[in-house]
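Visitor: I'm new to reading protein structures. Could you walk me through one?

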Amino acid sequence: MSIPLKHFKKGSIKPTLPEDDVLRFYSMRFCPFSHRVALLLAAKQLPHHKVYIDLIEKPEWYTEYSPLGKVPALQLTHVAGQPALVESLIIAAYLDEQYPQRPLFSKDPLQKALDKILIERFAGVVSAVYPVLTCNPNAPPDALQNFEKALDVFEQELIKRGTRYFGGEQIGIVDYMIWPWFERFPSLKYNTEQGYELNAKRFQNLLKWRELLAQDEAVKATATDVQLHVKFQQSKLQGKPNYDIAFQQQ
């Protein structure tokens, strides 16, 4: 049974999915929070059905799975009542416990807590760069300065840990939870007047980390080309976000 490769909109008929106990992943193709879940599903090689949601004109039936209409959502069809989980970090924690192959959270309670704190601190990076990343004409003039200041925390943390990844010598939960934005940062070169790029000296460890993580199979399996990110953000700037542009390029 094939699910149409499109973002379902208001007025659309809910797709008919097989009752096969396979996870159902509700996503938006360019959403970094959905990207987090996609990375875990790929890393753990978990079969799943993808259903894409238009976030401007959300289908009425989508609140059955996400009461606030947010993505990502993950429906657990193998569980009685077929409940759905929302919020990327909650979904990530569930997947890592339920499917222990290739564990991502640390088994050490303290390190696990510290990693969660670090992921929460990344919210400062996201909030600072978001207006620029999304081509908002009203972005604060100091947005990129604030972004770099927030990102300094992660450069220093990588130095402090002294390992290839935030997870140590193997990829861990922090790596996957912050990666989606690092995939998107290069679009700033094309969407800013100054052709912004991360400073190679200031962020030398993060840039090495980014190059290394880009070689991971789950990262490659879920990757979107930077030019597609650029085109999507430009469509948003024009007031007509083209969610399906990723499929039109295939």
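Guide: Let's take a few features in turn.

Guide: This is a predicted model, where local features need pLDDT of at least 70, side-chain atom pairs count only at pLDDT 80 or more, and totals for chains, interfaces and linings use all residues. Residues are numbered from 1 along each chain as its sequence is written, and side-chain values use heavy atoms, with hydrogens and water left out.

Visitor: In what order do the strands of the open sheet run?

Guide: Strands are DSSP runs of E, at least two residues, and helices are runs of H or I, at least four, both numbered from the N terminus. Two strands pair if DSSP finds at least two bridges between them. Here five strands form an open sheet in the order β1-β3-β2-β4-β5, with mixed pairing. The edges are β1 (7-8) and β5 (84-86), each pairing on one side only. Inside, β2 (residues 23-27) and β4 (residues 73-75) pair in the antiparallel sense over three bridges, and R24 stands opposite Q75 in β4.

Visitor: How many salt bridges does a search of the whole structure find?

Guide: Side chains of opposite charge can pair when their charged atoms come close. The cut-off is a side-chain nitrogen of Lys or Arg within 4 Å of a carboxyl oxygen of Asp or Glu. The search of the whole structure finds 13. One of them joins R102 and D216, with the closest N and O atoms 3.1 Å apart. R102 lies in the loop between α2 (88-98) and α3, and D216 in the loop between α7 (204-213) and α8 (217-221), so this pair ties together parts 114 residues apart in sequence.

Visitor: Is D216 buried or exposed?

Guide: Buried means under 20% relative accessible area, exposed over 50%, and partly exposed in between (1.4 Å probe, protein chains only). D216, at 11%, counts as buried, while R102, at 33%, counts as partly exposed.

Visitor: And how do I read an aromatic pair?

Guide: You describe it by the distance of the centres and the angle of the planes. Rings of Phe, Tyr and Trp (its six-membered ring) pair if their centres lie within 6.5 Å; planes under 30 degrees apart are stacked, over 60 edge-to-face, and the rest tilted. A search of the whole structure finds 18 aromatic pairs. F232 and Y243 make a tilted one, 5.6 Å centre to centre with 40° between the planes. F232 lies in helix α9 (residues 226-237) and Y243 in the loop between α9 and α10 (245-248), so the pair ties together parts eleven residues apart in sequence. F232 is buried at 3% relative accessibility, and Y243 is buried at 6%.
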